[in-house]
Amino acid sequence: GVQGFDPLNGIGDVELVADGFFFTEGPTWREAEGRLLFTDIPLSTIYELTAMESTEPFRENSGMANRLDSDVNGLLLAAEHQNRRVSRTLADGTIVDVATEYMGDLLNSPNDIAVRSDGTIYFTDPPYGIDPVTEQELDFNGVFRVAPDGALTAEWEGSLESRPNGLVLSPDESILYVAETTTGVMVFDVNSDGSLANERDFVEMLLGADGMAMDTGGNLFVSAAAGVQVYAPDGSLWGAIELPGGAIPANCAFGGADARTLYITARSELFQVRLANAGLY
C-alpha cells in the first residue's frame, strides 16, 4: 500500500452504531458475508451487525468469547474466556478446539487473535477471564503461536503481573505488535517459520492498551484509555480518535466493502468512523 500517509487526514465523524450492551469486544469483518461480528463478553453472546445497521445475536453461549477473527479459510476463530480456549467454527457449524492447554496446563483465558497468511495463528493469554489466584495453572501470561499443523508454542512468557492483550501483524507480516496493558505496546520480528524474535518496546507507558488494528500504510490503531491512539510505523503519534461522551474503547477493526470503516467496540457501545485510507481486515 501507499507508505507514509497521515491516517487521520480526511477522517469522518465518529458515529454511534448500537448501544445497550455490557462489554463489547472482538470486532471482526467477515469478508465472505460482508458483515461485522462482535462480542459481548459478560452476556456470552456474539452479535452480527446487519446491512440494516441493526444488531442481532449470531451465537449465544459463546463461552464468553472475546476476540474473533477469520482463519485463512474464512472460518471463524474465537478466543473464549469461559472455555479457556481458542476455537474454530467449521463450515457445518461444529465448533472445535484450536488450543486448550500448554504442556499439560490449561490456558488462562485467551484474549486476542492474529492470523498470518500461511495459517499461523497468534493469540494472547492473560488471566482476565479467570481468578488468577485459584484458577491459573500456567506460571506465566503468554503470547502463543499455533503452527499450521496445529503445534502450540509459547513465544513470550510474561510475568504473572503482565497482561498481554491485543495483537496485530504489520502489512508485510514481518512484525507482530502486542499490547501489554500494564506497560504499553511491544513489538517482535516474525521469523519465516512464524516464531518471534527481538522483543522491544514500541510505545511505552500507554494507559490501558487493548485491542488494535492496522491500516495498509502500516499505521497502528490502539484502543486505550483516552481513545484510539494512532501511531506511524516508526512509533510517532499521529493523534487520537476520541469517542463521544468519553467512551473508552476496548477494541477496533477495519470493515466495510472498501475496508475504510473503523469499527470501535467501547463497553456498552459500538461506534464507526470512516477513514480516507483502507485498513487490513
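**Figure 1. Hairpin β19-β20 in a predicted model.** Strands β19 and β20 form a hairpin, with five residues between them. In its turn, G218 has a positive phi of about 80°. The model shown is predicted. Pairing between β19 and β20 is antiparallel and spans three bridges.

**Figure 2. Strand β20 and its side chains.** Strand β20 covers residues 220-224. How many of its five residues are buried? Five of the five are, and the strand is mostly covered. Residues L220, V222 and A224 point one way from β20. F221 and S223 point the other way. Both sets are buried; the cut-off for this is under 20% relative accessible area.

**Figure 3. Hairpin β20-β21.** Two residues link β20 to β21 in a hairpin. The two strands run antiparallel and are joined by five bridges. Within this pairing, V222 has Q229 of β21 as its bridge partner.

**Figure 4. Pairing of β21 with β22.** Strand β21 takes in residues 227-231. Four bridges tie β21 to β22, and the strands run antiparallel. Which residue of β22 is the bridge partner of V228? The partner is I241.

**Figure 5. The four-stranded sheet as a whole.** The strands follow the order β19-β20-β21-β22. The sheet is open, and its pairing is antiparallel. Its edges are β19 (212-214) and β22 (237-241), each of which pairs on one side only. On average, neighbouring strands are turned by 20° against each other, direction ignored.

**Figure 6. The sheet in the context of the chain.** One helix and 24 strands make up the helices and strands of the chain. The radius of gyration is 17 Å, close to the 19 Å that the globule rule gives for 281 residues, so the chain is as compact as a globular protein of that length. The C-alpha trace spans about 50 × 40 × 35 Å along its principal axes. Of the 281 residues, 57% count as buried. Contacts between residues at least 6 apart in sequence include 44% that join residues at least 24 apart. The chain exposes about 11400 Å². Carbon and sulfur atoms supply 48% of that area.

How values were computed: Residues numbered from 1 in each chain as written. Predicted model: local features only at pLDDT ≥ 70, side-chain atom pairs only at ≥ 80, totals over all residues. Heavy atoms only, no water. Pairing = 2+ DSSP bridges. Axes fitted to C-alpha atoms, helices over the stretch in contact; angles between N-to-C directions. Buried < 20%, exposed > 50% of the residue type's maximum accessible area, 1.4 Å probe, protein only. Rg over C-alpha atoms; globule rule 2.2 N^0.38 Å. Contact = heavy atoms within 4.5 Å. Areas by Shrake-Rupley, 256 points an atom, 1.4 Å probe, with all protein chains shown as cover.
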